[in-house]
Amino acid sequence: MKTDARDLILAVGNSMMGDDGAGPLLADRMKQNPIAGWNVEDGGSAPENAAHRIAARAPRRVVLVDAADMGLPPGEIRRVPPEALAEMFIMSTHDLPLSFLMERLAETVPQVEFIGIQPDLVAFYCPMSDRVRQAVDRLYAALRNDPTLDSLPWLSDAD
């Protein structure tokens, strides 16, 4: 199932839990309007189950996208360094820590990154907040206009 896209978004989250649906919303947008150079995999709330499909695609880079409680205003987007992801508490509704999944992916993928979107409300059957929906739109635009993602800020001590 190898494709010519070198990069892959692994969208993580549960669309039935308000802002935790940020990843699946991005996956839907990318499936409806593909971005050149990018594939997308909707990992849902068990992204570890997609690891074998990702390995089969043999991407150069995998970028995980998920709602993450980073202590920022709702809708803020940050690239999170792997060492910070392992050390910090990232709100997760998933079975395995994302840092574990990233380590597993890094066994076969040269570059694995994480992008967090700060949620406002994560609860069953709640709608997604406007700020998080707008953040997904900004992230989609960044993927289209800046494949390196250099325009996205890093999570740092200054935040």
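Guide: A residue is called buried when its relative accessible area is under 20%, exposed when it is over 50%, and partly exposed in between (1.4 Å probe, protein chains only). Helices (H or I, at least four residues) and strands (E, at least two) are DSSP runs, numbered from the N terminus. This is a predicted model, in which local features need pLDDT of at least 70 and side-chain atom pairs count only at pLDDT 80 or more, while totals for chains, interfaces and linings use all residues. Residues are numbered from 1 along each chain as its sequence is written, and side-chain values use heavy atoms, with hydrogens and water left out.

The part to look at is strand S5, residues 111-117, where 6 of the 7 residues are buried. To place the strand, note that the chain has 5 helices and 5 strands, in the order β-α-β-α-β-β-α-α-β-α along the sequence. Of its 159 residues, 52% are buried.

Next come the neighbours of S5. Two strands pair if DSSP finds at least two bridges between them. S5 pairs with strand S3 (residues 61-67) in the parallel sense, over 7 bridges. Here Val 112 in S5 has Val 62 opposite. S5 also runs antiparallel to strand S4 (residues 77-80), and 4 bridges join these two. In that pairing, Ile 115 in S5 stands opposite Arg 79. In a regular strand, side chains alternate between the two faces of the sheet.

Contact means heavy atoms within 4.5 Å. Leaving aside residues up to four places away in sequence, Met 30 touches Ile 9, Ile 35, Trp 38, Asn 39, Val 40, Tyr 140 and Leu 143. Across the chain, of the contacts between residues at least 6 apart in sequence, 79% join residues at least 24 apart.

Finally, follow the chain onward from S5. The loop between S5 and H5 holds Tyr 125, which counts as exposed at 67% relative accessibility. Phe 124 is exposed as well. Rings of Phe, Tyr and Trp (its six-membered ring) pair if their centres lie within 6.5 Å; planes under 30 degrees apart count as stacked, over 60 as edge-to-face and the rest as tilted. A search of the whole structure finds 1 aromatic pair. It is formed by Phe 124 and Tyr 125, whose ring centres are 5.9 Å apart with planes at 40°, so the pair is tilted. Most residues other than glycine have a negative phi. The phi of Tyr 125 is near 65°, a positive value in a residue other than glycine.
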